[in-house]
Amino acid sequence: MKILVTSDWHLDAVTSGVARFDEVARAVEHCIETAKQERVDYWFFLGDLCDPDAQRAPRCAAFAIQTAAKLAMEYGIPSLWLTGNHDVIEDGSGSSTLAPLAAAAAAIPLRVPMGSTGVLEAVRVFDRPIATRLAEGVTFIALPFVPRCAAYDPVKFIESVAERAPCPGLIVAGHLNVAGITPGSEADEFARGRDVWLPIDAIRERWPDAIVMNGHYHGASVAPGDVLIPGSPARFTHGEAGNSPGCMIVEVP
Amino acid sequence: MATRKKKATEVTGKVVMRPLSLVRWVQHPNPLRLLTLDESHGAWGGGPLPDAHGAILRVIPPADATDESIGAVLDRCRALGVATTKLMPRAAGDVAVVAEVARAQRRTHREVVDALVQGAEGVDHDALALVVGAIMDEEGL
């Protein structure tokens, strides 16, 4: 199984008066092209589409729907989307900037090869923690950002699914804080929400070989505990001038 | 526990090891560059500017830069075709040593009022001082 992982688009970002939407949209187009060329089986988005109170939020949500639809309908690539700390709307509703995509998901069909009998959901949005089967022998655990109105304890959630999730073929994807990473703009210009930590010790204790990935951080890296950080598709602040924006390809044998 | 097969993975030129998976990062072509022209850059002395075409350029003038020299550098930056410039405050200069200004001596309420009483014109200063002093006594001043 091959997965393209992208995150932290921040489509509403403005740097020194320059709106970044068009540039990030081009970068996402490059991701889509990469997904097509690499013949990936899944597309993961690990959170932070845009801030809900941004003037451009509707345009950003529409772009997410267009992207998911293009992946599913033109290339047959199902996509999974996690909410990040910038996506959640803390008004008690539990909604997020990915809610329009979640609503549209039911209307997005997945183009499947002729003769295929598999039934896959084209688009899935995770705004709550979940453990689900992704494919034969592959389990997926989503740990989206923890909003106040739908709070959960990541450690307790991991403990609760430990029995059900087999070690080989386990993928854990989150949008939480990762210990050992020195925060950059995530804790400065892009600070939003509160700190909730990825329970990497609890994960590794149970599943030492799990593939663990996390959004939130704008610089691509491998964090302590072998946590894979895809990074942002653009540099948003001068503190990120040294970043290499892009996306991540993970191959799970 | 599953057998830990190690395969090499790459991230921005570094090779890292991951069990059971192959991971790599794909960089985007031509992401917008964010550059800084700081106070030590040679451009402030008339030297060449960095290649900033299409970039967002943050400009930090030296402490002694004049408005004219800052304007001239900004004009040169714009001529390069930067996306935008962001002018920051001048860099902090050396700490200037200035003579300590003698502080005004603090006076009590009573001293202030007594001075006003003595400065009053056309009144019996002693009588006024007696009345005002009694009020200040009542107020505990």
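## Strand pairing between the chains

In this predicted model, where local features need pLDDT of at least 70, side-chain atom pairs count only at pLDDT 80 or more, and totals for chains, interfaces and linings use all residues, strand β13 (residues 246-251) of chain A pairs with β3(B) in the antiparallel sense over 6 bridges. Strands (E, at least two residues) and helices (H or I, at least four) are DSSP runs numbered from the N terminus, and two strands pair if DSSP finds at least two bridges between them. Within β3(B), Arg24(B) stands opposite Ile249(A). Residues are numbered from 1 along each chain as its sequence is written, while chains are lettered from A and ligands numbered from 1 in the order in which they are written.

## The contact of chains A and B

Chain A brings 34 residues to the contact and chain B 28, two residues being in contact if their C-beta atoms, placed from the backbone, lie within 7 Å. On the side of chain B that touches chain A, β3(B) gives the most, with 6 residues. By class, that side of chain B has 17 nonpolar residues (Ala, Val, Leu, Ile, Met, Phe, Trp, Tyr, Cys and Pro), 5 charged (Asp, Glu, Lys and Arg) and 6 polar (the others, Gly among them).

## Helix packing in chain A

Helix α1 (residues 21-38) and helix α2 (residues 57-75) of chain A pack at an angle of about 15°, with their axes 11 Å apart; axes are lines fitted to C-alpha atoms, for helices over the stretch in contact, and angles run from 0 to 180 degrees between N-to-C directions. α1(A) and α2(A) are therefore roughly parallel, a term for angles under 35 degrees. The residues of their contact divide into 8 nonpolar, 1 polar and 3 charged.

Terms used
Angles under 35 degrees count as roughly parallel, over 145 as roughly antiparallel, 65 to 115 as roughly perpendicular and the rest as oblique.
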